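Student: Could we go through the side-chain packing of this model together, one question at a time?

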Amino acid sequence: MQNIFYKTIVFVTLAGMVLIIPYIATAQQATLSSTITIGSSHETKGIKITLTWDTKNETVIEAICPQAFWLNDMFGLECNKKIVLPKEKNTLWGWVKNTTSSAQTIAFIITSGSTSKKHDITIQPLQSVSASKANPGDIVKDTTSPAVYKINEDGTKSVFPHESVFKSYGYTNFNTIKTADVSDLPSSAPVAFRDGTLIRSSKTGLLGKETTAVFVVENGTLRPILSADIYQELYHDPQWSRLAWTPNDLISRFNYTIGDIWKDTQTFPLGTVLKKDNSYYVVDKDKDAYIKRKIETTALAVNRILGITPVETSSTALSLLPEKMAIQNTSSLFIPRAISQPATSQTNDTISTPDTSAKTETTPPIVYTPNTTSSQTNTTTTTTTTTDPTTPETPTTPTTPTTPTTPTTPETPTTPTIPTLSDAEILVKISEYKPLFSANQNTATPSGSQPFAWQIGAGAVVLTAPHAVNHIRDGSIKTVDYCTGPLARVLGDITGAPVLYQQYKDIDPNYEDATPFKTSLSSYLTAHQEVTLVFDIHGASETHDWDIDLGTMNGISFPHFPTIVTAMTQTFTANGITNISNNDFTGGSLADSSQKTVTRFVVVNGKDAIQIEANRRYRCDTDSQTLAYIHAMTAIINQYR
């Protein structure tokens, strides 16, 4: 249906004559469908809600709240006010806090063009949110500590002792976990890794094995994988990205034993999630035989299957596993379970964060070498051996674990983090990366290649360097932001964060949206829901009177981290970089869709982003200033990843 409008155009001629020209215009009536969902609770933020809508026009969101209501992290939306969102954005989520003593109703009005939809939802008071009761089988965050627990049938609680254990069960973040006070419940053994999890040490070998040994968890044992060839034949993982890098003191908290060496390439370990086309399967056992069970679509979400990276496999490989009863709409798959602790272990109910200090991109985690008298590991092979590889080594006695570290709260500035590379090693890394970028900075993308590249990493922070080489803007060549590529890659080496950088001359990804760079970035953000923040690395000339400029789209690009600019400023200052500017380079504007920056692109896709401009004097000329920038950025990335 079309609405017809009778309008006039008024012209004033150079001679002063006024011409009024009537004309008829038509406007397509806007269509609008929208939903609102209520999610998890938080002891201080309240109830999480998500608004979604489907329209091709700008959208106006209005919140009508009773007194003593608060909205948090909702893209600047406040109670009894409106915000205007661009047509590219169709989702808004955040927290609603009811500080009264009774349930109250809040209304959200979503308007597109001449069409509006009103949604009324009832929000419980904050104190009832905080006092959620924990029932057997629940996964809860404690109100009195950073710990996350599984509540057992006997009324005890089992802590998830490490983030990698928590995520092995398909949980992607802590915001989806309900909160409860479980301080009065007795503690039981900690939750152990899910069957099928692949782990290796982050510093020294686990249970007396080589530092590079890789294990698969199966039925309470750690089964060493015999060789890199077997690992790759099974998992097709040249970047070793499936591995949970595990602190040694974490393993000593479980009563794991060394199981038989895994040598089979015709089947998969227990608990492995397989995928063929759009069908998912899990490897199970029927008596002593490995089988597969199809996971029906109705069971994917409730069992958190989409939070587990599946092994893409072939019809031939699937046919080698007999198929048994499918898994229907049930949450019985991958239930977190505990393993009794050894007598010497200690219990400390905190979740520690992954230790990536020993991760390097050049040394693959090549696998288990049993009973060797001489072994040598390089980047591609492991040379072994003198004895029968089927005879497992005797594991060493687990040492008493150290206390796991508590995860850093992103809202609190941290002291500068000392990089795991020495300053000398950082400078060497930069000098190694610089020729790689300078050699290609004027090179068009070769046939069969992409203009961008990824440096593999993990975590909630992604680094981008769209101007790492020369780029094309409006048909003209724009010069490289000097050394931003090497700096971004070194920061990825130190922190373990993934890095997306431009490697060949192509259309400017910070000026156009239809670029391979942004297509790949969008795919990554969709596939990795754990990502919450993108730091877009840029460089500015020495003529600017500031050291660092933080582009936040004039203060709206970080709705989920409201104190991040203050925290970053404090961290830069602590590292001797004191002249911090805000929005000299804004990073774009939501209201102006012609500003196709990476920061705006990320924000429209539902994540937070900041464009970081570093003055030329902090980029790879003077060692002390370059290191100050690296130290500060390392601390900032580690604080939020």
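Tutor: Keep in mind throughout that this is a predicted model. We can begin with a charge over a ring: Lys285 lies over the face of Tyr290, and its distance from the ring centre is 4.7 Å.

Student: Over which ring does the charged end of Lys48 sit, and how far is it from the centre?

Tutor: A charge counts as over a ring when, among other conditions, NZ of Lys is within 6 Å of the ring centre. The charged end of Lys48 meets this rule over the ring of Trp93, with a distance from the centre of 4.3 Å.

Student: Turning to aromatic pairs, how many are there by the rule on ring centres, and is the pair of Tyr231 and Tyr235 stacked, edge-to-face or tilted?

Tutor: The rule, which asks for centres within 6.5 Å, gives a count of eleven aromatic pairs. For Tyr231 and Tyr235 the centres are 5.1 Å apart and the planes stand at 45°. Planes under 30 degrees apart would be stacked and those over 60 edge-to-face, so the pair of Tyr231 and Tyr235 is tilted.

Student: What kind of aromatic pair do Phe561 and Tyr640 form?

Tutor: Their ring centres are 5.4 Å from each other, and the angle between the planes is 85°. This pair links distant parts of the chain, 79 residues apart, with Phe561 in the loop between β33 (548–551) and α10 (564–574) and Tyr640 in helix α12 (residues 623–640). Since an angle over 60 degrees sets the class, the pair of Phe561 and Tyr640 is edge-to-face.

Student: Are Phe561 and Tyr640 buried or exposed?

Tutor: Buried requires a relative accessible area under 20%. Phe561 has 9% relative accessibility and so falls below that limit, and Tyr640, at 5%, does too. Phe561 is therefore buried, and Tyr640 is likewise buried.

Student: With which side chain does the side chain of Thr59 make a polar contact?

Tutor: Thr59 is found in strand β5 (residues 59–64), and its relative accessible area of 0% means that Thr59 is buried. Apart from neighbours within four places in sequence, its contacts include Ile83, Val84, Leu85 and Ile110. The polar contact of the Thr59 side chain, at 3.1 Å, is with the side chain of Trp53.

How values were computed: Residues numbered from 1 in each chain as written. Predicted model: local features only at pLDDT ≥ 70, side-chain atom pairs only at ≥ 80, totals over all residues. Heavy atoms only, no water. Helix = DSSP H or I, 4+ residues; strand = E, 2+ residues; numbered from the N terminus. Buried < 20%, exposed > 50% of the residue type's maximum accessible area, 1.4 Å probe, protein only. Polar contact = N/O pair within 3.5 Å; in protein donor to acceptor, adjacent residues only side chain to side chain. Contact = heavy atoms within 4.5 Å. Phe/Tyr/Trp six-rings, centres within 6.5 Å; stacked < 30°, edge-to-face > 60°. Lys NZ or Arg CZ within 6 Å of the ring centre and 35° of its normal.
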